[in-house]
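Please report on the model shown here. Cover the backbone, the core, the domains and the ligand site.

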Amino acid sequence: MRALTFHGTHDVRVETVPDPRLINPRDAIIEVTATAICGSDLHLYNGVIPGVARGDILGHEFMGRVVEAGPQSTLRPGERVVVPFTISCGSCFFCQMQLFSACDNSNPVESQDASELAYGHAMSGLFGYSHLTGGYPGGQAQYVRVPFSDVGPIVIPEGLEDEQVLFLSDILPTGWMAAENAGIRQGDTVAVWGCGPVGLFAIQSALIMGAGQVIAIDHYPHRLDLARGLGAKVIDYTQTDVLEALMEMSGGIGPDAVIDAVGMESHGFAPDNLMDTVKQKVGLGADRGHALRMALMAVRKGGRVSIPGVYGGMVDKFPLGALMQKGLEVRSGQTHVQRYSQDLLRRIGEGEIDTTFLISHRLPLEEAAEGYRNFRDNQNEWTKVVLKP
Ligand SMILES: NC(=O)c1ccc[n+]([C@@H]2O[C@H](COP(=O)([O-])OP(=O)(O)OC[C@H]3O[C@@H](n4cnc5c(N)ncnc54)[C@H](O)[C@@H]3O)[C@@H](O)[C@H]2O)c1
Ligand SMILES: [Zn+2]
Ligand SMILES: [Zn+2]
């Protein structure tokens, strides 16, 4: 089959690789009909996530048709499914608590040491996302093997197009969980850093959950326009003093909740960010935490901090004093996708949630490398790339 494989920083290629096959009784093989490139894939592409090997198949946002199902799969050949990026067994201590991205059974033992060393505990398996999370072949391919296919994939009813449901695999529930983690109450002022797909879905979710005003922060005019289109007020951080503006827009107390939808590769020329950039380049393991620092400084006393943005290692110059002194609540995590699938599918079906407004480009899988390059270098216009194998 054809698949997008990793060959080093800024080097991905579509190649012919062996077809996947069933290994375990709960597996299914999916023929991919649509897959997307995520901001999380850019961290791999930019070489800031360890544990990616040459030849690894990337991609964790995908959907398709079941072509083969093991004897213990609940799927039937021919069914259309969206597959969560988190691989979860459904029965361990963590899955029972619906903490699907913390599943204890999906990250093979041989991958756990590095993950334990980095985080104290092994994380769950993820598709196409480094050997820290199992080294599973991803979905930017013609076919994928889906383990625990009786737990993750959701069957899509006829009448919904691929592009309406594809993002149930990751960024839609991620935006939703980001808003849920911000503990939004009726009338809240919520500030969101980053107007990429995750930030945009977090904005949409926060408004559905009753936020009184959502303030979106980025520097790309088109992405800010998309945020405005959802009903957010916007701040271009290159033009405006963000902390000052947020104070003014929140009646002088700061936002009730803040969401960091930027993660470990913050842009900009703030001194802390420049120092982080140097450290990240020379492999000192420092994430670029500028957006998170800003969010912690901006949020009101007793406010809530939600971090969907991915961090991989260490952040220094971290305003721990602000967190402690202001009595902040912080919630984060890789998304527990399976927890939200049915509810969000229903909201899409009923027309409450539109997921297609942020798709800017559709490419054949063969042009995936071009998609990566542009999603990284032309972020203003390339807001979301969907690949069709
Ligand atoms: N928690 C999860 O399960 C999960 C799932 C998907 C993605 N993510 C993470 O969410 C983050 C966003 O993903 P995305 O797909 O939207 O990525 P993206 O790269 O398309 O968007 C990031 C946006 O942040 C903006 N930005 C950069 N620095 C900024 C700053 N200092 N202030 C304000 N805005 C700034 C960029 O201009 C860009 O528009 C990434 O870190 C990604 O890895 C997490
Ligand atoms: Zn993703
Ligand atoms: Zn589990």
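Glutamine 98 sits in the loop between helix 2 (93–96) and helix 3 (109–119). Helices (H or I, at least four residues) and strands (E, at least two) are DSSP runs, numbered from the N terminus. This is a predicted model, where local features need pLDDT of at least 70, side-chain atom pairs count only at pLDDT 80 or more, and totals for chains, interfaces and linings use all residues. Residues are numbered from 1 along each chain as its sequence is written, while chains are lettered from A and ligands numbered from 1 in the order in which they are written.

Glutamine 98 has a positive phi of about 65° although it is not a glycine. Lysine 317 is likewise not a glycine, and its phi is positive at about 50°. Most residues other than glycine have a negative phi. Lysine 317 lies in the loop between strand 14 (304–307) and helix 11 (320–325).

The table gives exposure. A residue is buried if 20 or more other C-beta atoms lie within 10 Å of its own, exposed if 12 or fewer, and partly exposed in between, with C-beta atoms placed from the backbone.

| Residue | Class | Other C-beta atoms within 10 Å |
|---|---|---|
| Glutamine 98 | exposed | 12 C-beta atoms |
| Lysine 317 | partly exposed | 13 C-beta atoms |
| Leucine 224 | partly exposed | 19 C-beta atoms |

Leucine 224 belongs to helix 7 (residues 221–230). Its contacts (C-beta atoms, placed from the backbone, within 7 Å) are Cys195, Ala216, Asp218, Val234 and Asp236, leaving aside neighbours within four places in sequence. Asparagine 380 is 156 residues away along the chain, yet the C-alpha atoms of leucine 224 and asparagine 380 are separated by 9.1 Å.

Next, the core. A nonpolar core is a set of buried Ala, Val, Leu, Ile, Met, Phe, Trp, Tyr and Cys residues joined through C-beta atoms within 7 Å. The largest one has 111 residues, and those with the most contacts inside it include Ile30, Val192 and Ala295. Strand 3 (residues 28–37) gives the most to this core, with 7 residues. Domain 1 (2–170 + 335–388) and domain 2 (172–332) each supply at least three of its residues. Valine 192 touches Gly199, Ala202, Ile203, Val214, Ala216, Ile217, Ile259 and Ala261, not counting residues up to four places away in sequence.

In helix 13 (residues 368–377), Ala368, Gly371, Tyr372 and Phe375 are buried. They cover an arc of only 100° around the axis, so they lie on the same side of helix 13. The arc is that of the directions from the helix axis to the C-beta atoms. The partners of these buried residues include strand 1 (2–6), strand 3 and helix 1 (39–45).

The domain bounds come from an automatic or database domain assignment. The C-alpha centres of domain 1 and domain 2 lie 25 Å apart. Across the boundary, 23 residues of domain 1 are in contact with 20 residues of domain 2. Helix 1 provides the largest share of the domain 1 side, 3 residues.

The shell (C-beta atoms, placed from the backbone, within 6 Å of the molecule) holds 35 residues, and the closest are Gly39, Gly194, Gly196, Gly263 and Val310. Helix 1 gives the most to this shell, with 4 residues.

Methods. Contact = placed C-beta atoms within 7 Å.
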